[in-house]
Amino acid sequence: MSKSAVLFSNSGKLSQAIEGFRPRQAQTDMAIAVEQAIDKKHPLIVEAGTGTGKTFAYLVPAMQSDKKTIVSTGTKNLQEQLFHRDLPVVKRALGSNRKTALLKGRANYLCLHRLRQHGGNNTLLDRSTLSEFTSVREWASTTKSGDMGDMKSLAENAKVLPFVTSTADSCLGKDCPDYEDCYMVKARRKALDADIVVVNHHLFFADMALKDTGFGELIPEADLVVFDEAHQIPEIASEYFGESLSSRQIHDLSRDIEVVYRTSLKDAKQLHSVAEKCKLISADLRMLFPEQVEKGNWREKLHREEVQSEIAKLTDALSVLYEVIKLHVGRDKDLDNIFERVCEAKTKLSRLTDTELKGVSLWYETTQRHIVLHLTPLSIAKKFERFVSEPKRAWVFTSATLMVDHGFTHFQRQMGLNDAKTLHLDSPFDYPNQAILCVPRFLPEPNARNMRDTLLDISIKLVKASKGRCFLLFTSHATLRAIAAKLEDKVDNPILVQGTTTKRALLERYLNEKDAVLLGTGAFWEGVDVRGEDLTCVLIDKLPFASPDDPLLQARIEDCRKHGGNPFAQLQIPQAAIALKQGAGRLIRDEQDKGVLVICDNRLVTKDYGKIFMGSLPNMHRTRSLQKVTDFLEQIHAKATES
């Protein structure tokens, strides 16, 4: 009998130490599979339905083994939950003394050097940023971790953050005068010394792509790597295996040069003027694009004369900046670092404007003030396959949403994991009795002009029947805004709309106001855990196909066709099916939950591919009748009121 089977049994350590713990066959099966993967050093892919308890199923075998383990999660929130809540419970239950560490990306830690550097140069900061800077300086005198997330009074997107944290570009590394006191260095040393290290996917792949320093030492040491929320990996890995350059980076370069000029090299005025020129040219490049935010094909834009002209100017200006800084190399450590950043920017700009490159997508995106140029590989399968195969170690990829059309082929093909062992574990929830799935009758076509009116009408009925307690999830911000604006006048419930404040603040309000309705797009389709009577209804406006205008998707579609594939079947349907499963997964989070899922897209019924989507969803009771749905919601509400 395996160690895991004993530990997860009725008489095992978990049952004895954790109040309310009950053995679940699916959880035990997963733990045994993870234990075997550790012993045999092979990759394992597990789809574990909601409620399986997958976190314990991989943490327990990892904690029981003597193997150095990296656990990577989808977001910082999940990372903290895993480290502060789940790991201590497992550690206590097993009586383990294995060391654990939490490691975040460098932008999460206070940089003592930059804090001091900007402390004497407040002319660069406006009044509100200066006020934030003062608060950070006070907090800096008491913090032990330097984790900016511990400073609750500071907003997630506070303007002061770039002035008090470093990036891989701006960090001086071992040349930094504050290296020995650096919070990032301390966190990494702790991680190197730990047996189990909790990171997030962005940090893992940033380091794997060797764009960061220090954590790269951890990966070779690990015997086991676990990816939770593994469905996110293909996109994140593609991003880090590619390259990008933004006008913001050029602006940051210019700002950092100005700080050096004003504080250390006051005799080097030319530095400041040349850097300013680079900044102005990059701003002019952004001005060639529409004011509203957009994504597009960069290869196509490079055919425009005015774009070519601006790129030529930027290339020349960076070359002049390179020559000017070269004259002062060795005089100031910060400037030496800036010199390396200018070299890298020059190299990147050259690659990002090479339209002859094969196997990559060249695309751009704009923000309100900046433009970002991207080079993204169309496939990471071969590169990742090499990474996984050498040296031999155990890999576990798990999520509630990895399978499409009853198989793992899509995920395996994306990641080059064709030889991995696979395991599918159903959710323990009684979906036919706990939930109803409804595709209402008489729906217009998804893009019909009257579709929004229909959506509004259905939303009103659902909100009234459930007395709030609804998530209305949309595939576009435009539809979200249109429904939100009209719904406010039609119902008395508080309407909470994504974008009006942070995701965390919206969720807190939703939980505190017991009749509130939350309207969201992508951010609320996954990573949100609302249980019991707080969420009894989820509406999804339509199948979440990626926008056909997305330049990266267009490039992948073209590449798929070139290789004789069917891009709709091989790319678009699988991606949309996984996203739909994620959205649907918000509804039933507990064995006691009850609720309805309403998907307002008749393609689920009228198109052949609808079967793939329906087959990917939990086995809920199905109906076309909206009346049945509102009756069920009213019953749930009546029972909740009685109890």
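**Entry 1: the open sheet**

I looked up the open sheet and found 7 strands in the order E14-E15-E13-E16-E17-E12-E18, paired in parallel. Strands here are DSSP runs (E) of at least two residues and helices are runs (H or I) of at least four, numbered from the N terminus. Two strands count as paired if DSSP finds at least two bridges between them. I noted strand E14 (495-497) and strand E18 (621-623) as the edge strands, each pairing on one side only. Neighbouring strands of this sheet are turned by 15 degrees against each other on average, direction ignored.

The model is predicted: local features need pLDDT of at least 70 and side-chain atom pairs pLDDT 80 or more, whereas totals for chains, interfaces and linings use all residues. Residues are numbered from 1 along each chain as its sequence is written, and side-chain values use heavy atoms, without hydrogens and water.

**Entry 2**

I found 4 bridges between strand E12 (residues 435-438) and strand E17 (residues 595-599), which run parallel. Leu437 stands opposite Leu597 in E17. H21 packs on the sheet, in contact with strand E13 (470-473), strand E15 (517-520), strand E16 (537-540) and E17; contact means heavy atoms within 4.5 Å. The direction of H21 makes about 175 degrees with that of E16. Axes are lines fitted to C-alpha atoms, for helices over the stretch in contact, and angles run from 0 to 180 degrees between N-to-C directions. Helix H28 (residues 626-642) also packs on the sheet, touching E12, E16, E17 and E18, at about 155 degrees to E17.

**Entry 3: the nonpolar cores**

I recorded 71 residues in the largest nonpolar core, with Phe471, Leu519, Leu597, Val598 and Phe613 having the most contacts inside it. Such a core is a set of buried Ala, Val, Leu, Ile, Met, Phe, Trp, Tyr and Cys residues joined through side-chain atoms within 4.5 Å; buried means under 20% relative accessible area (1.4 Å probe, protein chains only). Helix H21 (residues 451-466) supplies the largest share of this core, 8 residues. Apart from this core lies another, of 54 residues, including Leu125 and Phe397.

**Entry 4: helix H5**

I then examined helix H5 (residues 76-94), whose 19 residues reach 26 Å from first to last C-alpha, close to the expected 27 Å (1.5 Å times one less than the number of residues). H5 bends by about 35 degrees at Leu82, taken between axes fitted to the seven residues ending there and the seven starting there. Leu82 is among the buried residues of H5, as are Phe83 and Leu87. The buried residues of H5 pack against elements including helix H4 (54-64) and strand E2 (69-73).

Key
Buried < 20%, exposed > 50% of the residue type's maximum accessible area, 1.4 Å probe, protein only.
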